[in-house]
Amino acid sequence: MSEKDNKFILGDNSDGYRRSAESEKTRPVYLPPQRSAQRRSEPPSRPSQRPTANGRAPAGSPVAQRRKPASPQGQRPSAKRPAPNSAQRVRRNPQQLRNMSELSPNERRKLHNELRKKQRRRKQLMTYAAVSFVVLVMAVILSLTVFFQISEITISGSSPYTDEQIIDASGISLGENVIRCKADAVSENLAKNLPYIDSASVERSFSGKVKITVKTTTPVWSVINGEQSIMINAKGKVLELGTPEKALEATIIQGVTVTHAVPGETVVFSEEVSFDFVKEIGDAVASSGLDKLTTLNLVDTDYIQALYDGRLTIIIGSTDNLAKKLALTAKVIERENEIDPDQYGTIDLTIEDKLYFRPAENDESADDEPQEDVTEMTSDAA
């Protein structure tokens, strides 16, 4: 063994060899730094970390801050689970969250897939609803602007007006949208602009055809006002301002004053005799069937007189029991017409519960007294 080999002697160092004495001498030795006596005597101030009487660290100590709250019943806290996705947050209730720990991984996977399917279906329904709403809005806009235009207007019902006059006064025109046309205002427009039309109905179809059916009205009353006649229907609407000869087509009202008369509008009488009073008499006349009244004299409302068919004078008196009086008058006139349809005379209704008929005097029987026909005003006669 050489001298060089003798430098390495097997020993118990970490590398398995003992170094020579020379290497040991030259090897530096590490010495820890020495603290001063003052620093050793005064350790740095730190919050006390000694446990309190209940075995816990003080509240302000770093140990207490780093300590995690103990799990209930002394159990170790379970590993933190990942937060559920939006579908799970929406669909899971507290009962499901408590039972999730009892489910197997396969059951959890199935539950997760089911929730995702429900979320997907909900998104699809929302998409379909949005698309349907847009389509509906577009269809409504197109139907109100482009589609369903009026291509034909027909008039049904007899009237003194031409079809062109009715179409112009109705407010409906060709090319207008069927849905947007004001069908409810047609009747009012025609009744105002064309007074002899009482009402009208409108039938529309999506094919663009419109049918207007009109109903006409006739004059029931007339008032001679100076050089013109005012023709009025049963409801009080002024139909026409004509000549005095035109007044003979309806019952002429005498003893009234007209303050407002515009064709298409309601007539207005003076306060002495209003049209409501005339309408009350007209309703009783219509119900009795006396459709040939020539005149109605209202100079004295307590002594009303009328002329029937230009030959029979009817003294009505007051309006008490008016319907009963006129019903009995109609029966007496029917009976007398069977005897002589051209008979002239007077029917007196002023005596309570009785009707007197006095035939008119003629030249042959001028010296004789006229024979009176008295009829009791009973319920059977009425």
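**Close-up views of a predicted model**

**View 1. Asp291 lies in the loop that links α9 (275–288) and β10 (293–297).** The model shown here and in the other views is predicted. Asp291 counts as exposed because its relative accessibility is 65%, and the cut-off for that class is over 50%. From Asp291 to Tyr308 the C-alpha to C-alpha distance is 8.6 Å, and the two are 17 residues apart in sequence.

**View 2. Thr295 is part of strand β10.** With a relative accessible area of 15%, Thr295 is classed as buried, since that class covers values under 20%. Neighbours within four places in sequence are left aside in the contacts given here. Thr295 is then in contact with Thr251, Ile252 and Gln254, and also with Gln305, Ala306 and Leu307.

**View 3. Arg116, Lys117, Arg120, Arg121, Arg122 and Lys123 form a positive surface patch.** One of these residues, Arg122, is found in helix α6, which spans residues 105–145. The relative accessible area of Arg122 is 30%, so Arg122 is described as partly exposed; this class lies between the 20% and 50% limits.

**View 4. Glu164 sits in helix α7, residues 163–170.** Its relative accessible area is 55%, so Glu164 is exposed, the cut-off being over 50%. Glu164 and Ile153 are separated by 10.0 Å in space, C-alpha to C-alpha, and are 11 residues apart in sequence.

Terms used
Residues are numbered from 1 along each chain as its sequence is written. This is a predicted model: local features need pLDDT of at least 70, side-chain atom pairs count only at pLDDT 80 or more; totals for chains, interfaces and linings use all residues. Side-chain values use heavy atoms; hydrogens and water are left out. Helices (H or I, at least four residues) and strands (E, at least two) are DSSP runs, numbered from the N terminus. Buried means under 20% relative accessible area, exposed over 50%, partly exposed in between (1.4 Å probe, protein chains only). Contact means heavy atoms within 4.5 Å. Patches are made of residues with over 30% relative accessible area and no salt bridge: like charges are joined within 9 Å, nonpolar side chains (Val, Leu, Ile, Met, Phe, Trp, Tyr) within 5 Å. Accessible areas come from the Shrake-Rupley method with a 1.4 Å probe; for residues, only the protein chains shown count as cover. A salt bridge is a side-chain nitrogen of Lys or Arg within 4 Å of a carboxyl oxygen of Asp or Glu. Lys and Arg count as positive and Asp and Glu as negative; His and the chain ends are not counted. The place of a charge is taken as NZ of Lys, CZ of Arg, CG of Asp or CD of Glu.
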